[in-house]
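Subject: Structure handover

Hello,

Here is the structure for you to look over. My notes follow below it.

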Amino acid sequence: MDGLGRRFKECATERNCTLIRYDINVSLGNLYDAVKDEDVKRMALTWNEIEPDLKYRKKYATVWRRR
């Protein structure tokens, strides 16, 4: 989880950062579905808050609405 968190935060300077962040959210969503660990969900939602663009923050939230 630490590696994913670091990747989520450090990709801000890379091309396609929003796609990377969305993919991390989907992966964490799949992990959450498998293990039902609330810490996984809480971490992902916390990481999403660092996204400065509200449009993308809403997009990331769509991964978690159905869970």
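How are α3 and α4 oriented to each other, roughly parallel or roughly antiparallel? First, a caveat: this is a predicted model. Now the geometry. The axes of helix α3 (residues 38-48) and α4 come within 10 Å. They cross at roughly 170°. An angle over 145 degrees counts as roughly antiparallel, and therefore α3 and α4 are roughly antiparallel to each other.

Which residues make that contact? On the α3 side they are K41, A44, L45 and N48. On the α4 side they are R57, Y60 and W64. The contact residues divide into 4 nonpolar, 1 polar and 2 charged.

**Rings**

The structure holds 3 aromatic pairs. One of them joins Y32 and W64, with ring centres 5.9 Å apart. Their planes stand at 70°, and over 60 counts as edge-to-face, so this pair is edge-to-face. Y32 belongs to helix α2 (residues 17-35), while W64 belongs to helix α4 (residues 54-65). The pair therefore ties together parts that are 32 residues apart in sequence. Both Y32 and W64 are buried.

Elsewhere, ring pairs link F8, W47 and Y60 into a cluster. Y60 is also one of the α4 residues that meet α3.

**Charges over rings**

Two places to look at here. K59 lies over the face of Y22, at 4.8 Å from the ring centre. The charged end of R67 sits over the ring of W64, 5.7 Å from its centre. So W64 turns up again: this residue pairs with Y32, carries the charged end of R67 over its ring and takes part in the contact with α3.

**K41**

Is this lysine buried or exposed? K41 has 18% relative accessibility, so it counts as buried. The place of K41 is in helix α3. Leaving aside neighbours within four places in sequence, K41 is in contact with Y32, W64 and R67. D53 is another matter. K41 and D53 are 12 residues apart in sequence, yet 21 Å apart in space, C-alpha to C-alpha.

**V40**

V40 is also placed in helix α3. At 6% relative accessibility, V40 counts as buried. V40 touches M1, L28, L31 and Y32, not counting residues up to four places away in sequence. Take M1 from that list: V40 and M1 are 39 residues apart in sequence and 8.3 Å apart in space, C-alpha to C-alpha.

**Backbone**

Most residues other than glycine have a negative phi. Two residues here are worth a look on that point. N16 is not a glycine, but has a positive phi of about 65°. N16 is found in the loop between α1 (2-10) and α2. With a relative accessible area of 47%, N16 is partly exposed.

K36 is the other. K36 has a positive phi of about 55°, and is not a glycine either. K36 is found in the loop between α2 and α3. At 54% relative accessibility, K36 counts as exposed.

Best wishes

Conventions
Residues are numbered from 1 along each chain as its sequence is written. This is a predicted model: local features need pLDDT of at least 70, side-chain atom pairs count only at pLDDT 80 or more; totals for chains, interfaces and linings use all residues. Side-chain values use heavy atoms; hydrogens and water are left out. Rings of Phe, Tyr and Trp (its six-membered ring) pair if their centres lie within 6.5 Å; planes under 30 degrees apart count as stacked, over 60 as edge-to-face and the rest as tilted. Helices (H or I, at least four residues) and strands (E, at least two) are DSSP runs, numbered from the N terminus. Buried means under 20% relative accessible area, exposed over 50%, partly exposed in between (1.4 Å probe, protein chains only). A charge sits over a ring if NZ of Lys or CZ of Arg is within 6 Å of the ring centre and within 35 degrees of the ring normal. Axes are lines fitted to C-alpha atoms, for helices over the stretch in contact, and angles run from 0 to 180 degrees between N-to-C directions. Angles under 35 degrees count as roughly parallel, over 145 as roughly antiparallel, 65 to 115 as roughly perpendicular and the rest as oblique. Contact means heavy atoms within 4.5 Å. Ala, Val, Leu, Ile, Met, Phe, Trp, Tyr, Cys and Pro count as nonpolar, Asp, Glu, Lys and Arg as charged, and the others, Gly among them, as polar.
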